[in-house]
Amino acid sequence: MKLLHSFPRVFQRLIHNKYDPLNIAFFGSGNFSVASLNKILELKDRCPEKVSSVKVITRSIKPSGRYMKTLSELPVSEFAMNHDIPILRADSSNEILELIGGNNFNLTIAVSYGKLIPAAFLNSCTYGGLNVHPSLLPKYSGSSPIQYALLNDDKTTGVTVQTLHPTKFDHGKIIAQSYEMEIKDGDNFDSLSDKLAQEGGDLLSEVINKGLFLNTSLPNNNERSIAPKIDKSRSQALWHDYSARQVKRLYDALGPIYTFLNTRTKKKGRFVEEKKRVILSSVTELSDQQDKLQLLYPGDFAVIKDGLCIKCKKGFVLVQKIKLQTRGDESPEKFIGSYHKTVGDMPQHFLD
């Protein structure tokens, strides 16, 4: 694999800049944050003269689940609790600014926090702020870089450690970047996120250990592109527009995909026609092109021995779990077995 900025990275390994022991304000939320926090704690244990203290700042616990009665910690706060790290809660810029007094932070680290850290907070820290971003910036600036890398079927990606910009997401100086990392055919959002999180944690630890955040920045070798938040409607499979590969990568990036099915069933003595949503899970690309499937049109489906086969614009996908609106998950065999009862005499065809 190609090493990005190979000369600066090699040169950086010879540098050990001096700085005061760090009192770190670590802003995070999800699983991607945990790997970086773990690497900071390991560095603190190895080099207490470099990292003096770490406090985690995360969101307040919000009720979720049925009837909104479930209270669950975020992954980063759960990790912090298990490792006796102090936890502070902040949901707004004003609440973040209130943390300045009494905490003596001199470095901010934000990883998958989801909110801009106010300029006044960054300015209160002697060494400003750092961020771990799962792309090779400035490519895929924004909240969904992993999803876009999968949706666009990229072959490689990487991780960037950048400074925190006081007013814009992903506009800081690039401090360090990883190798180009292969995106494998079997990768999905979870697997790719895990690999990038581990690489990002290692890179962040190196940046802090060597003091690269003090005066080092690298050139922007990639063209800027935006990876904004993805609307839920993007999860729809468009059988006439998408190839099997695109449908598979859609599932890899966003999880369960959806489509629609026309139904005609009897209710209270009369037939009612409805368009119902169908959620598809465990989606893979069908490599074996069977002759009997070639007569299908995009959206047509049939059960074969390996699952529910659906024709795309080009090629076929296999689905192992189907959830028709108002029903639970079903296997392909059960879905087809109850088709006449739940769908009626309508064709076996998903709609765009």
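## Strands 12 and 17

Strand 12, residues 257-267, pairs with strand 17 in the antiparallel sense, over two bridges. Across this pairing, L261 stands opposite F350 of strand 17. The model is a predicted one.

## Helix 2 against helix 7

Helix 2 (residues 31-46) and helix 7 (residues 189-209) have axes that come within 8 Å. The axes cross at roughly 35°, and the crossing is right-handed.

Helix 2 contributes F32, A35, S36, K39, I40, L43 and R46 to the contact. From helix 7 come residues including S193, L196, A197, L204 and I208. By type, the residues of this contact divide into eight nonpolar, seven polar and three charged.

## Around T163

T163 lies in strand 9, residues 160-163. Setting aside neighbours within four places in sequence, T163 is in contact with G129, L130, G172, K173 and I175. With K173 there is a polar approach: a polar atom of the T163 side chain lies 2.7 Å from the backbone nitrogen of K173.

S92 is 71 residues from T163 along the chain. The C-alpha atoms of T163 and S92 are separated by 21 Å.

How values were computed:
Residues numbered from 1 in each chain as written. Predicted model: local features only at pLDDT ≥ 70, side-chain atom pairs only at ≥ 80, totals over all residues. Heavy atoms only, no water. Pairing = 2+ DSSP bridges. Helix = DSSP H or I, 4+ residues; strand = E, 2+ residues; numbered from the N terminus. Contact = heavy atoms within 4.5 Å. Polar contact = N/O pair within 3.5 Å; in protein donor to acceptor, adjacent residues only side chain to side chain. Axes fitted to C-alpha atoms, helices over the stretch in contact; angles between N-to-C directions. Left-handed = near helix turned anticlockwise from the far one by under 90°. Nonpolar A, V, L, I, M, F, W, Y, C, P; charged D, E, K, R; others polar.
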